[in-house]
Amino acid sequence: MKTILKTIIITIMICAFVSCSKQNYGIDSKYAGTYKGNASVNTSSGTIECEGVFTVNSDGSVKGNIYNNSKTYEKTYDVSKNSVAKENDSTYKASENLFGYKVDFIFIFNSDTLTIEITDYNEGSVVKGNFSKFI
């Protein structure tokens, strides 16, 4: 009986280890580069048209900045590779939650184009934009 129980426990531990080691964290390095483009920020007070720059790093993390020309709106994003999950070959989702401040990200790659959707739950805003790779 003890041998069967030990075998079951060891099997469960091995399965858990294998499934955790197969997690894909970060964005694939083939998408690494800097993307520039335009975005719309929908807030409770209206829509703000912005520009933005996002850099996908070779380690799978993402850094970005959304701003408008009059500098009345500016937001910086820093997405760690550990929060990025691969949905399929071209789509990635991430969620950052620091001190109760929750932001969800969707990154969709198509050739040299990056489409981004960012939902900021505390601010009540949604950013949607298309960015072209330039580096």
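Two strands are taken to pair if DSSP finds at least two bridges between them, and both element types are DSSP runs numbered from the N terminus, with helices being H or I of at least four residues and strands being E of at least two. The structure is a predicted model, in which local features need pLDDT of at least 70 and side-chain atom pairs count only at pLDDT 80 or more, whereas totals for chains, interfaces and linings use all residues. Residues are numbered from 1 along each chain as its sequence is written, and side-chain values use heavy atoms, with hydrogens and water left out.

**View 1. The pairing of strands S2 and S3.** Strand S2, residues 46-56, and strand S3, residues 62-67, are joined by six bridges and pair in the antiparallel sense. Within this pairing, Glu 51 has Tyr 67 of S3 as its bridge partner.

**View 2. The sheet as a whole.** The open sheet is formed by nine strands with antiparallel pairing, and its order reads S4-S3-S2-S1-S9-S8-S7-S6-S5. Strand S4 (74-79) and strand S5 (84-86) are the edge strands, each pairing on one side only. On average, neighbouring strands of this sheet are turned by 20° against each other, direction ignored; for such angles, axes are lines fitted to C-alpha atoms, for helices over the stretch in contact, and the values run from 0 to 180 degrees between N-to-C directions.

**View 3. The hairpin of S6 and S7.** Strand S6 (residues 91-98) and strand S7 (residues 101-110) run antiparallel and are joined by eight bridges, and Asn 97 stands opposite Lys 102 in S7. Two residues lie between the strands of this hairpin, where Phe 99 takes a positive phi near 55°.

**View 4. The hairpin of S7 and S8.** Strand S7 also pairs with strand S8 (residues 113-120), in the antiparallel sense and over eight bridges, and the bridge partner of Asp 104 in S8 is Thr 119. This hairpin has two residues between its strands, and Ser 111 in the turn has a positive phi of about 60°.

**View 5. The protein in overview.** The protein contains one helix and nine strands, which follow one another from the N terminus as α-β-β-β-β-β-β-β-β-β. Of its 135 residues, 33% are buried, that is, under 20% relative accessible area with a 1.4 Å probe and protein chains only. Among contacts (heavy atoms within 4.5 Å) with a separation of 6 or more, 38% are between residues 24 or more positions apart. The accessible surface comes to about 8400 Å², of which 55% belongs to carbon and sulfur atoms, as computed by the Shrake-Rupley method with a 1.4 Å probe.

Note on methods: Buried < 20%, exposed > 50% of the residue type's maximum accessible area, 1.4 Å probe, protein only.
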